[in-house]
Amino acid sequence: MGAKEEVLRVLDGVPATQWDLREPALKVGIGGLVVQVVSQDTELLKLSQSHFKEFLSDGEPMGTVHLGLAPASVPLEPLEAFRELATHTDTPLEYCARWDFAGCIDNEASTARYLLRGPVLPSIDTALRIFYALAVTRNGGMLMHASSLAWDGQGYCFFGPSGSGKSTV
């Protein structure tokens, strides 16, 4: 099965009430874009709040990311086939699957639903990175694979492929 089919299988097995908005939501601001992060699972919200504490914002959110934990009734074993991130675009929807989560992003509505295998930081971080990457390009931004630093009042970016030493510089 491809990424789209697997994401649909996983998300269709979740009760619609899992995606109901709950308060309090986190507002995370990165690169001038504020995203509301919501979940019915308090452990997911606490972990997200701790990880993104430097980016918490009072700004108006431009989109919403729903995080949920997979119920026992939804078998996630087929996701094991996706050791690396797999995606499928079916405009305006983006489907993404990896061994630890499945998600669907609606670019027109600026919403995403991610179902996670467990409350683990790499899953949460990757889910938000995917949402932000799409949001940045929709809002006139540009993605760069680079390392950067500020020194003596100036900003510097070092571009290059993975493993080329950008972080070491």
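1. Phe159 is exposed, with a relative accessible area of 54%. The model is predicted, so this value, like those below, is computed from predicted coordinates. Phe159 sits in strand β9 (residues 154-159). Together with Met142 and Met144, Phe159 makes a nonpolar surface patch of about 380 Å².

2. Next, the sheet. Seven strands form an open sheet in the order β1-β2-β3-β7-β6-β5-β4, and the pairing is mixed. The edges are β1 (26-30) and β4; each has a single partner strand, so one side of each is left without a neighbour in the sheet. On average, neighbouring strands of this sheet are turned by 20° against each other, direction ignored.

3. One pairing can be described in detail. Strands β5 (residues 93-98) and β6 (residues 101-106) run antiparallel and are joined by 6 bridges. Arg98 has Phe101, in β6, as its bridge partner. Strands of a sheet pair through backbone hydrogen bonds, in either a parallel or an antiparallel manner.

4. Now the charged side chains. The count comes to 6 salt bridges. One of them joins Asp90 and Lys4, at 2.5 Å from N to O. Asp90 lies in strand β4 (residues 86-90) and Lys4 in helix α1 (residues 3-12), so this pair ties together parts that are 86 residues apart in sequence. Asp90 counts as partly exposed, at 32% relative accessibility. Side chains of opposite charge can pair when their charged atoms come close.

5. Arg83 meets Glu80 in a salt bridge, at 2.9 Å from N to O. Arg117 also meets Glu80 in a salt bridge, at 3.2 Å from N to O. The network therefore consists of Glu80, Arg83 and Arg117, joined by salt bridges that share partners.

6. Where do Arg117 and Glu80 lie? Arg117 is in the loop between β7 (111-116) and α3 (121-138), and Glu80 is in the loop between β3 (63-69) and β4. The pair therefore ties together parts that are 37 residues apart in sequence.

7. How exposed are the members of this network? Arg83 is partly exposed, with a relative accessible area of 48%. Glu80 is partly exposed, at 35%. Arg117 counts as partly exposed, at 32% relative accessibility.

Definitions and conventions:
Residues are numbered from 1 along each chain as its sequence is written. This is a predicted model: local features need pLDDT of at least 70, side-chain atom pairs count only at pLDDT 80 or more; totals for chains, interfaces and linings use all residues. Side-chain values use heavy atoms; hydrogens and water are left out. A salt bridge is a side-chain nitrogen of Lys or Arg within 4 Å of a carboxyl oxygen of Asp or Glu. Helices (H or I, at least four residues) and strands (E, at least two) are DSSP runs, numbered from the N terminus. Buried means under 20% relative accessible area, exposed over 50%, partly exposed in between (1.4 Å probe, protein chains only). Patches are made of residues with over 30% relative accessible area and no salt bridge: like charges are joined within 9 Å, nonpolar side chains (Val, Leu, Ile, Met, Phe, Trp, Tyr) within 5 Å. Accessible areas come from the Shrake-Rupley method with a 1.4 Å probe; for residues, only the protein chains shown count as cover. Two strands pair if DSSP finds at least two bridges between them. Axes are lines fitted to C-alpha atoms, for helices over the stretch in contact, and angles run from 0 to 180 degrees between N-to-C directions.
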